[in-house]
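Please find below a short note on the model under review.

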Amino acid sequence: GHHVSSQRIRFQRRNRPCRYDIDRFTPNFLSIFESLVPSEEEIANQKQLLTSLSRLINTEWPNSKLYLYGSCANSFGFSNSDIDLCLSIDNKEMSKVDIILKLADIFQAGNLQNIQPLTRARVPIVKLMDPKTGLSCDICVNNLLAVVNTKLLRDYGQIDKRLQQLAFIVKHWAKTRRVNETYQGTLSSYAYVIMCIHLLQLRRILPCLQEMEATYYVKVEEINCAYFDQVDKLNNYGAHNRDTVSRLLWSFFHYWAYEHDYTRDVISIRTGRIISKERKDWTRRVGNDRHLICIEDPFEISHDLGRVVDKFTIKILREEFERAANILQFDPNPSVTLFEPY
Ligand code: ATP
Ligand code: MG
């Protein structure tokens, strides 16, 4: 039947070598990367907004602290993206929703614009726009795991510049092909960055920071988050491997198109290895978690970042991985064709 023959094709392509001229495209991919990186000015504006909002909030809650998280702090953010902020506050009397509503009042008084408290979302947030810098942001409350996983991603990004290059290009591909929409059943940017880290760990371009002796330690919501964060000591780690970003891009898509075993494997940057679905008891659907593509969260290890993917979107994703792998293998102009809008 169809299933058997498509499995056979996948098997045959599993050991296909990369095209010999892949490195010809490296300058093109690098210039796409450069065009997406935020400017110094934009980064300075983000810092300034963080400072001015912190001041405003601290007059009401002196013991609270505002953190940047997500793409503007993890080093995988494009220019002109929204800013994610998280308020850490110890207040037993107020619920998260009360705090969000109070924040909206504080911002109103501070002359910020487009203030929208979204109190019924799964993660309640308040949105606003700062007229001085033109930046928009989302602020959530006490979501410290996101602050910690942002630091982990940023620390990985310091070790080898190819991670940032690869992740930017993968994110750009995912956005243009519309497979970066969690509410539609495809993967988050956070998941794509973790997929890139995992590939570089398998290639020994990145170490596994959580398996090394911990130099950073925090306990968040009963989860012990510990890893080696003195990454400036690791800046030669991947130097033995000379793969360019175009070759790594080929490897990334080839892996997800033809090598990954969707029935058995879970990728895990926590261990730097592939682990089995069996071991995690992720072999069957439980509630809404289908485990059709398994990406372990580095700290919330019971959390599969692929759980949003359903039986329709898994097909879309795998077709997109195959399309990308084939473009990188055969197309005369991969740095153009890869990003043709869906
Ligand atoms: P983009 O450039 O697309 O906005 P982003 O890096 O901000 O990318 P998001 O996927 O929007 O990525 O996630 C923002 C942050 O929220 C992540 O950096 C991470 O800290 C946290 N996060 C997102 N999804 C999850 C998840 N499923 N589990 C845990 N943390 C998550
Ligand atoms: Mg974001």
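1. The largest pocket of this predicted model holds about 1800 Å³ of space. Its lining comprises 44 residues, of which Tyr 69, Arg 122, Thr 182, Ser 188 and Tyr 190 are the closest to the centre.

2. Domain 1 (2-36 + 160-337) and domain 2 (40-142) each contribute residues to the lining, and the largest pocket therefore lies between them.

3. Two or more residues of the lining come from each of α4 (71-74), β4 (125-129), β5 (136-141), α6 (144-159), α7 (161-176) and α8. The largest share, five residues, is that of α6.

4. Helix α8, which gives residues to the lining of the largest pocket, spans residues 189-202 and packs against helix α9 (residues 245-259). The angle between the two is about 105°, and their axes are 11 Å apart. Angles of 65 to 115 degrees count as roughly perpendicular, so α8 and α9 are roughly perpendicular to each other.

5. On the α8 side, the contact is formed by Met 195, Cys 196, Leu 199 and Leu 200; α9 supplies Leu 248, Ser 251, Phe 252, Tyr 255 and Trp 256. By class, eight residues of this contact are nonpolar and one is polar, with no charged residue among them.

Notes. Residues numbered from 1 in each chain as written. Chains lettered and ligands numbered in written order. Predicted model: local features only at pLDDT ≥ 70, side-chain atom pairs only at ≥ 80, totals over all residues. Heavy atoms only, no water. Axes fitted to C-alpha atoms, helices over the stretch in contact; angles between N-to-C directions. Helix = DSSP H or I, 4+ residues; strand = E, 2+ residues; numbered from the N terminus. Parallel < 35°, antiparallel > 145°, perpendicular 65-115°, else oblique. Contact = heavy atoms within 4.5 Å. Nonpolar A, V, L, I, M, F, W, Y, C, P; charged D, E, K, R; others polar. 1 Å grid on protein atoms, 1.4 Å probe; cavity = no way out; pocket = protein on both sides within 12 Å on 5 of 7 lines; lining within 4 Å. Points joined across faces, edges and corners; volume = space filled by probe spheres on them. Domains from an automatic or database assignment.
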